[in-house]
Amino acid sequence: MYVWSKRLVIGLLACFVTLLGLFLFQGPGGESSALNMHTTRWIMLNYLGLVIWVFVWMIDQARVRGRNVWVWLVPFLLAPLPTLMALILFLQRPMKS
């Protein structure tokens, strides 16, 4: 892939592990709430990061195959997983000569 390098991946993983450590040590001790605002924000942050990472991968794969990925942006924002599956099936079709 042209977008990711080893340095970038190692840096992002190190950042994630650091934030995870901070999250675990900063968590509440004995509250009765099962899902507080801090946890909800953490889940949303992880989901957003995953969505961005998957879309960058889609850009990379479409670029390698000479296709336009930007027409897939709106469906991807509305329903990421089905759009990703449709894009993969679309990209696997044989290219016309």
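Analyst: Let's start with the whole chain and then zoom in. Bear in mind that this is a predicted model. Of the contacts in the chain with a separation of 6 or more, 51% are between residues 24 or more positions apart. The chain has 4 helices and 0 strands, so reading from the N terminus you get α-α-α-α, with the cut-offs for calling a helix being those of DSSP runs. As for burial, 20% of the 97 residues count as buried.

Now for your helix, H2. It covers residues 37–64, which makes 28 residues. Just after H2 comes Gly66, which takes a positive phi of about 70°.

Which residues of H2 are buried? They are Trp42, Val51, Val54, Phe55, Val56, Met58, Asp60, Gln61 and Ala62. Notice that the list has Asp60 and Gln61 in it.

Setting aside its neighbours within four places in sequence, Trp42 is in contact with Phe16, Leu19, Leu20 and Phe23. Take Leu19 from that set: Trp42 and Leu19 are 23 residues apart in sequence, and their C-alpha atoms are 9.7 Å apart in space.

Next, look at how H2 packs with another helix. In general, a pair of packed helices is described by the angle between the axes and the distance between them. For H2 and H4 (residues 80–92), the axes come within 11 Å and cross at roughly 15°. That angle is under 35 degrees, so H2 runs roughly parallel to H4. The crossing of H2 and H4 is left-handed. On the H2 side, the contact is made by Tyr47, Val51, Val54, Trp57, Met58, Gln61 and Ala62. H4 brings Pro80, Leu84, Leu87, Ile88 and Leu91. Sorted by type, the residues of this contact come out as 11 nonpolar, 1 polar and no charged.

Putting the two lists side by side, Val51, Val54, Met58, Gln61 and Ala62 are among the buried residues of H2, and they also take part in the contact with H4.

Technical notes: Residues numbered from 1 in each chain as written. Predicted model: local features only at pLDDT ≥ 70, side-chain atom pairs only at ≥ 80, totals over all residues. Heavy atoms only, no water. Expected span 1.5 Å × (residues − 1). Buried < 20%, exposed > 50% of the residue type's maximum accessible area, 1.4 Å probe, protein only. Axes fitted to C-alpha atoms, helices over the stretch in contact; angles between N-to-C directions. Parallel < 35°, antiparallel > 145°, perpendicular 65-115°, else oblique. Left-handed = near helix turned anticlockwise from the far one by under 90°. Contact = heavy atoms within 4.5 Å. Nonpolar A, V, L, I, M, F, W, Y, C, P; charged D, E, K, R; others polar.
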